[in-house]
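Here is a brief report on a predicted model. Please keep the structure in view while reading.

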Amino acid sequence: MAETNLQILLRRRPQGMPAPDDFEIVETPVPEPAEGEVLVRARYLSLDPYMRGRMSDAKSYAKPVELGAVMEGQTAGEVVASRAPGFAPGDTVLGGYGWQRFSCVRPERLFKVDPQEAPLSTSLGVLGMPGLTAWVGLEDIGQPKAGETLVVSAASGAVGQVAGQIGKIRGCRVVGIAGGPRKCAFVTQELGFDACLDHHADDLAAQLDRACPDGIDVYWENVGGPVQAAVFPRLNDFGRMVMCGMIAQYNVAPGADAAGAPPGPNLGPVVRKRLRIQGFIVSDTGWPRYPAFRRQMLGWIREGRMKWREDVVQGLRNAPEAFIGLLQGRNFGKLVVAVD
Ligand SMILES: NC(=O)c1ccc[n+]([C@@H]2O[C@H](COP(=O)([O-])OP(=O)(O)OC[C@H]3O[C@@H](n4cnc5c(N)ncnc54)[C@H](OP(=O)(O)O)[C@@H]3O)[C@@H](O)[C@H]2O)c1
């Protein structure tokens, strides 16, 4: 039987937490590459929290996915046919081709990756966009120095695990925050953080006081909400808050009143403490720096200073459920889908 393309489309815009019915799974013919294009077969699809934003038509830094269009996402895969110079069948590539098995891609949207350097799926995690995010955000905003205390939320996740380990390489005391004892044990025992606090317990503020006796110099913000409210008052003078994401708020309707949004901190001390709070989007400045990042990260991996955990879901058809689980903390490590 001839192979088909499997695609996952956005059927409707979710209200609150996405539901499986917000997606539609279709089989279509395998596309033919036009002149100048490359036909790529996805082996792994990355599932990332930013995709919740693309499902909404609220004003943002990036355009929403149109209703009926293929969900946006990065994949790592191999070239099946090429009508573009510099690419040949069998090349392994990284790029954004969406939640689908096959896609025709312009070469400027592809990075060749060497599968001998590291398993292909890592190009979506520790060696991909999440790792690059951690590296860029700490270099540009967090700027952790030896002896400082760095706190990282969603510490067992794709970005958090890398951010914390870079903090250790820079000589910081690194304290993670994660959901539940299994994730916390992984963060300290496998990743080597100095401590990890469970945000499901009702005493996060007291746990922070015990784990950060000298206060907090850098906070890597992945979640927002009550976790942010507990960390914020403990920032030291000249502290930095790297505003990477606030996943706890992604299912709150834009413009929701205080009752609809999780409680946040009182920002009064920003001036008195001369805090730096800066948001960033990795795609603004990250991708031109990808080769330098990849070189450094591969070096750390070879030296045994950078570890990672992936949560691999089998089968593209399971992507919607897995993505919904990501927004509920059900993933444990970088979430990727093994497409076939
Ligand atoms: N600025 C950028 O360019 C950029 C790029 C990539 C990612 N990001 C952001 O970075 C953050 C982490 O992304 P990731 O890819 O590394 O995801 P991830 O950490 O692998 O997965 C998401 C994790 O967030 C935690 N979480 C989910 N809902 C939560 C809630 N209501 N309260 C507290 N924690 C919750 C869960 O971990 P626990 O079970 O441990 O709570 C969940 O496993 C996200 O906010 C994402 O949007 C930003």
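## A salt bridge and its exposure

Arginine 305 and glutamate 303 form a salt bridge, with their closest N and O atoms 3.4 Å apart. A salt bridge here is a side-chain nitrogen of Lys or Arg within 4 Å of a carboxyl oxygen of Asp or Glu. Arginine 305 is partly exposed, at 40% relative accessible area. Glutamate 303 counts as exposed, at 52%. Buried means under 20% relative accessible area, exposed means over 50%, and partly exposed lies in between (1.4 Å probe, protein chains only).

The model is predicted: local features need pLDDT of at least 70, side-chain atom pairs count only at pLDDT 80 or more, and totals for chains, interfaces and linings use all residues. Residues are numbered from 1 along each chain as its sequence is written, and side-chain values use heavy atoms, leaving out hydrogens and water.

## Links across the chain

The whole structure holds 21 salt bridges. One of them joins glutamate 72 to arginine 54, with the closest N and O atoms 3.2 Å apart. This pair links distant parts of the chain, 18 residues apart: glutamate 72 sits in the loop between α1 (50-54) and β4 (74-82), and arginine 54 in helix α1. Helices (H or I, at least four residues) and strands (E, at least two) are DSSP runs, numbered from the N terminus. Glutamate 72 is partly exposed at 34%, whereas arginine 54 is buried at 10%.

Aspartate 340 and arginine 101 also meet in a salt bridge, at 3.0 Å from N to O. They lie 239 residues apart: aspartate 340 is in the segment after β15 (334-338), and arginine 101 is in the loop between β5 (92-96) and β6 (102-105). Aspartate 340 is partly exposed at 48%. Arginine 101 is buried at 14%.

## The six-stranded sheet

Six strands form an open sheet with parallel pairing, in the order β10-β9-β8-β11-β12-β13. The edge strands, β10 (195-198) and β13 (276-279), each pair on one side only. The twist averages 15° from one strand to the next. Two strands pair if DSSP finds at least two bridges between them. Strands β8 (149-152) and β11 (216-221) run parallel and are joined by three bridges. Leucine 150 stands opposite valine 218 in β11.

## Helices across the sheet

Helix α2 (129-142) lies across β11, β12 (235-243) and β13, at about 145° to β12. Helix α3 (158-169) lies across β8, β9 (173-178) and β11, at about 170° to β8. Axes are lines fitted to C-alpha atoms, for helices over the stretch in contact (heavy atoms within 4.5 Å). Angles run from 0 to 180 degrees between N-to-C directions.
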